[in-house]
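Trainee: Could you show me how to read an interface and its salt bridges?
Mentor: Gladly; let us look together.

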There are 2 protein chains.
Amino acid sequence: MTSAAPRRGRRPGAPDTRAAILAAARSLFAAHGFAGTSMRAVAAEAGVDAALVHHYFGSKDDLFIAALELPVDPRVVVRPVIEGGVDDAGEQLMRLFVSVWDDEHTRTPLLALVRGILDPGGAQLVQDGFLRMVLGPVGAGLGIDEPERRLPLVASQLVGLVVLRYVVGVEPLASMPAEDLVAVYAPTLQRYLTGPLP
Amino acid sequence: MTSAAPRRGRRPGAPDTRAAILAAARSLFAAHGFAGTSMRAVAAEAGVDAALVHHYFGSKDDLFIAALELPVDPRVVVRPVIEGGVDDAGEQLMRLFVSVWDDEHTRTPLLALVRGILDPGGAQLVQDGFLRMVLGPVGAGLGIDEPERRLPLVASQLVGLVVLRYVVGVEPLASMPAEDLVAVYAPTLQRYLTGPLP
């Protein structure tokens, strides 16, 4: 005999409204990207007042992070990279990358996102999710020059490492200790962030 | 009124036997990888004599390349990288990479392959298709030390660049001139091929 467990841990407030706003946000971000989606449009799609969207989710950045179901707030976790200063940024960024991806609780939801990278919406995932939300604040906080040229270079190395180490599992990358990863990749990231550009 | 066009340009010999061998090879390579697939097993799966597989396809490498439908023979196109010598290998490898991927005739079939990289068979595609068939001969021809540690590093950068430039189309990478790509990425590849390892 089984009995239905009572629902627990539900957020207070109006969960259906929250869910409706999130569903609308996911749909519009997927269709039009971050820049092409306004809070007002999300509110209209969800059938609620725009003030309610701000009330529940704060800024458009907050709503985007909630819609992606990111396991960490990138604006918070990148702080040590910025505080470490520009000359140490390659190493600090590499340490952050490994700490987020080697932790199963953050890796699992990120892997689900990354598996969509080759789908038609992949450009927005990389452009808005990774470059705008994660690397953008790093570049701005460090004050690097030409971030719009440099940050995609950083992304090209980190995306390849995600694919080989965490998705495909190519050895010895898949089981390489964190310190070795930092030693190998930090100089690459540092050169992309502050080295000469063609 | 339409009329059926006559079939033309068909290979001489026994096309059904060739097709049966290729189908068997694709099935077994996908299931067991390159190392786990013998020419004898392909012949048995295709219901032909093993000598016939050698007759049609030569070596197991040849059969694998035919099964992948690679638009170029990697053992041929990597020769200039090897002939350029180890000190110039990062730049030559980057030039080869861009020339193959910027040519629509080679890019289109390669893109079809790359789109399978996140699927369950992706590990074999990277391990056998890219590391064993393309980068392996480069490492062996150049005589670099610890190729099994170095070549996956090279792969991690090139796979990321393929995803951002050719699959996802992130700017300014997607429209960056070939010479700029070489200037940015050749030093990275060179360090992975010959630089210090942790």
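Mentor: We will take the interface, then the salt bridges. This is a predicted model, where local features need pLDDT of at least 70, side-chain atom pairs count only at pLDDT 80 or more, and totals for chains, interfaces and linings use all residues. Residues are numbered from 1 along each chain as its sequence is written, chains are lettered from A and ligands numbered from 1 in the order in which they are written, and side-chain values use heavy atoms, leaving out hydrogens and water.

Trainee: What is the area buried between chain A and chain B?

Mentor: Buried area is the accessible area (1.4 Å probe) that two parts lose on being put together, summed over both. For chain A and chain B that is about 3000 Å², with 70% from carbon and sulfur atoms.

Trainee: Which residue pairs with A:Arg26?

Mentor: A:Glu69 does, with the closest N and O atoms 3.7 Å apart. A:Glu146 forms a salt bridge with A:Arg149, at 3.3 Å. In chain B, B:Arg75 and B:Asp62 form another, at 2.5 Å. A:Asp62, A:Asp73 and A:Arg75 are linked in a network of salt bridges.

Note on methods. Salt bridge = Lys/Arg side-chain N within 4 Å of Asp/Glu carboxyl O.
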